[in-house]
Amino acid sequence: MGLKTGNRIEKIVSMIEKCDCVADIGTDHGKVSERILEEGKAERVIATDISVPSLNKARKLLGDGRFQGRVSFREGNGLSVLEEGEADGAIMTGMGGKLIVGMLLSSKNITDSLGFFLLSPQKNVEDVRRTLIGIGFSITREEISIEDRRYYNIILASRSGNDFPYSEDEFITGRASLVGDREE
């Protein structure tokens with residue numbers, strides 16, 4: 001019996017509840033934004049990246065006319081490129097936990113205006129959990145995706161949800177609802 005490799009992007013998209021607009025912070029290639037729009041998870045996506053070459057990859061993928069008027073591109077650092085209230089939530093994947101924590105804390109007015117975060121830190125996951133709870137979010141769902149023999153934590157946090165306090169062990173290990181799919 002071996003591990004069945006999952007598709008991390010599909011799992012991330014599946015965890016998003018339908019909304020009007022989501023910000024894909026650090027979009028890189030734009031594949032998460034593409035799946036969100038294709039699956040109708042959001043009417044609009046704001047794809048952002050601090051790297052012009054990365055943002056250009058997303059423009060190439062998403063700018064072919066399929067999503068006319070449904071995607072906008074912004075160059076900049078973290079949440080700072082957003083206006084208060086223009087997005088329902090934000091996605092930050094494929095970056096370190098300390099970077100995510102820095103983004104959450106550096107744009108408090110934007111953070112406070114968002115209803116949810118979907119985060120997949122590459123490391124320092126404990127710091128991300130502590131920060132989310134510290135700024136008034138509840139971790140409502142957490143899963144682990146296994147891809148290419150690597151484990152990826154995926155955390156959904158919202159303003160309302162699970163009010164059960166985290167233990168010290170849970171800050172470290174999380175409350176993953178899915179450890180991995182197994183092939184029969």
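## Helix and strand packing in a predicted model

Helix α3 (residues 52-62) lies across β2 and β3, running at about 170° to β3. The model is predicted: local features need pLDDT of at least 70, side-chain atom pairs count only at pLDDT 80 or more, and totals for chains, interfaces and linings use all residues. Residues are numbered from 1 along each chain as its sequence is written, and side-chain values use heavy atoms, with hydrogens and water left out. Helices (H or I, at least four residues) and strands (E, at least two) are DSSP runs, numbered from the N terminus. Axes are lines fitted to C-alpha atoms, for helices over the stretch in contact, and angles run from 0 to 180 degrees between N-to-C directions. Contact means heavy atoms within 4.5 Å.

The seven strands form an open sheet with mixed pairing, in the order β3-β2-β1-β4-β5-β7-β6. Its edge strands, β3 (71-75) and β6 (138-147), each pair on one side only; two strands pair if DSSP finds at least two bridges between them. From one strand to the next, the twist averages 15°. Strand β6 runs antiparallel to β7 (residues 150-158), and nine bridges join the two. Within this pair, I144 stands opposite N153 in β7.

The axes of helix α4 (residues 97-106) and helix α6 (residues 125-134) come within 8 Å and cross at roughly 15°. The two helices are therefore roughly parallel to each other, a term for angles under 35 degrees. In the contact, G97, K98, I100, V101, L104 and L105 of α4 meet D127, V128, T131 and L132 of α6. These residues divide into six nonpolar, two polar and two charged, with Gly counted as polar.

A salt bridge is a side-chain nitrogen of Lys or Arg within 4 Å of a carboxyl oxygen of Asp or Glu, and by this rule the count comes to 18. One of them joins E38 to R35, with the closest N and O atoms 2.4 Å apart. Because E38 and R35 are three residues apart in helix α2, about one helical turn separates them.

Terms used
Parallel < 35°, antiparallel > 145°, perpendicular 65-115°, else oblique.
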